[in-house]
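Here is a short tour of one protein model. Keep the sequence and the 3D view open as you read.

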Amino acid sequence: MKLRLTFIIIVLLVGTSCKEDAKQNEEKQVETSSVEVQKDSLIYPEETHFKSLRQVTFGGDNAEAYWSFDDKQLVFQSNNKNWNVGCDQMFLMNVDETFKDKVPPMISTGKGRTTCSYFLPDNKHIIYASTHLEQDECPDAPLRQNGKYVWPIYDSYDIFVADLEGNIVNQLTHEVGYDAEPTVSPKGDKIVFTSTRSGDLELYTMNLDGSDVKQITNELGYDGGAFFSPDGTKLIFRSSRPKTDEEIKNYKDLLAQGLVEPTDMELYICNADGSDLRQLTDLGNANWSPFFHPSGEKILFSSNFEAERGFPFNLYMIDIDGKNLKRITHGETFDAFPVFSNDGKYLAFSSNRNNGGGRDTNLFIAEWQD
């Protein structure tokens with residue numbers, strides 16, 4: 001749930017304006033890649049960081065594809081109705097597979113709604129958040145409140161460990177409220193996740209067995225979608241930090257209803273223990289789904305800050321000191337959820353490209369070149 005897939009549909013169909021700020025074009029200068037002729041028809045000419053690009057799925061909403069530690073498999077979430085699911089469930093794939101005419105194995109329970117799966121270091125287990133303890137059916141998913149786009153924050157989400165056959169072997173969280181968005185440190189020792197156990201949406205870390213829970217952030221606002229740096233020493237995440245009295249009241253009122261507005265978010269970076277917290281971007285609109293470049297010195301993320309009507313979303317790269325902002329993808333609709341393989345050679349991401357002008361969001365794997 002580093003951004004719920006329903007956001008894609010709402011943004012593209014409604015075209016909601018997150019910010020109509022004319023100074024974006026005047027003040028936000030983005031370095032663009034030099035144009036080169038590409039042989040791969042899936043790659044736009046300006047996308048020079050992609051040496052090759054392969055489409056993995058062909059229907060439904062597919063996102064948050066995360067690599068096993070040995071880079072041989074990926075786990076991802078999908079709501080593809082042709083795969084007999086009513087809302088997001090977790091699926092497993094080998095790195096060389098595509099799913100145009102076949103269905104990947106589902107490794108969640110098939111009950112409730114799931115989000116944010118991630119491999120554990122043994123490559124034999126995954127973690128993910130699920131609402132299945134409360135109900136078998138998909139929970140309601142409100143999308144708009146008072147004319148604005150919202151996300152539901154389900155109190156029924158807890159974090160579980162499952163094997164690759166879909167058997168749940170452990171429950172890591174037992175607190176009342178939302179516990180979700182877990183990811184694992186490349187060092188293989190810690191999990192970072194988002195929880196409402198303090199009364200606000202804050203980041204926490206814990207050991208792989210759920211012990212030694214520590215609160216990382218403590219400022220009002222939605223802190224989520226966190227990832228560790230390659231060496232495990234830093235965290236990058238998105239946040240919607242309300243500032244004015246009106247913004248604070250609106251945020252608290254929505255949170256009391258189990259809702260948040262995700263249309264105004266910036267990226268923040270800190271040490272893995274929460275120290276040295278600082279804001280990385282100040283671009284406006286929605287900046288989210290950040291992931292560290294293999295060097296640990298840059299961040300890849302999705303943003304619509306250049307958009308006038310809420311879209312398109314494209315991938316950008318920025319140094320961890322906030323300098324050298326560079327546009328990576330050049331789509332007209334939606335590119336997000338970038339995740340590098342552990343060896344740094346490949347990038348998995350989700351995109352609306354090559355969907356025939358429809359609503360499908362599919363997985364792609366790019367061969368990366370710096």
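## A loop residue

Where is the place of Thr 196? Thr 196 sits in the loop between strand E13 (190-195) and strand E14 (202-207). Bear in mind that this is a predicted model.

Thr 196 has 15% relative accessibility, so it counts as buried; the cut-off for buried is under 20%. Leaving aside neighbours within four places in sequence, Thr 196 is in contact with Ile 153, Asp 155, Gly 177, Tyr 178 and Leu 201. Look at Tyr 178 in particular. Its backbone nitrogen lies 2.9 Å from a polar atom of the Thr 196 side chain.

## The sheet around that loop

Strands E13 and E14 belong to an open sheet of four strands. The order is E12-E13-E14-E15, and the pairing is antiparallel. Which strands are at the edges? They are strand E12 (179-184) and strand E15 (214-215), and each pairs on one side only.

E12 and E13 are joined by four bridges. Find Asp 179 to see one of the partners: in E13, its bridge partner is Ser 195. In general, strands of a sheet pair through backbone hydrogen bonds, either parallel or antiparallel.

## Helix H3 and its two sides

Helix H3 covers residues 245-256. At 1.5 Å a residue, its twelve residues should span 16 Å. The end C-alpha atoms are 17 Å apart, which agrees.

Which residues of H3 are buried? They are Tyr 251, Leu 254 and Leu 255. These residues cover an arc of only 100° around the axis, so they are on the same side of H3. An α-helix has 3.6 residues a turn, so residues three or four places apart point the same way. On the other side of H3, Asp 245, Glu 246, Lys 249 and Ala 256 are exposed.

The cover over the buried residues of H3 includes strand E7 (144-145), strand E16 (222-228) and strand E18 (259-260). Just after H3 comes Gly 258, with a positive phi of about 75°.

Why is strand E22 (residues 298-303) described as largely enclosed? Five of its six residues are buried, so the rest of the structure largely encloses it.

E22 pairs with strand E21 (residues 287-292) through four bridges, running antiparallel. Here Phe 292 stands opposite Ile 299.

Notes
Residues numbered from 1 in each chain as written. Predicted model: local features only at pLDDT ≥ 70, side-chain atom pairs only at ≥ 80, totals over all residues. Heavy atoms only, no water. Expected span 1.5 Å × (residues − 1). Buried < 20%, exposed > 50% of the residue type's maximum accessible area, 1.4 Å probe, protein only. Arc of directions from axis to C-beta. Contact = heavy atoms within 4.5 Å. Polar contact = N/O pair within 3.5 Å; in protein donor to acceptor, adjacent residues only side chain to side chain. Pairing = 2+ DSSP bridges.
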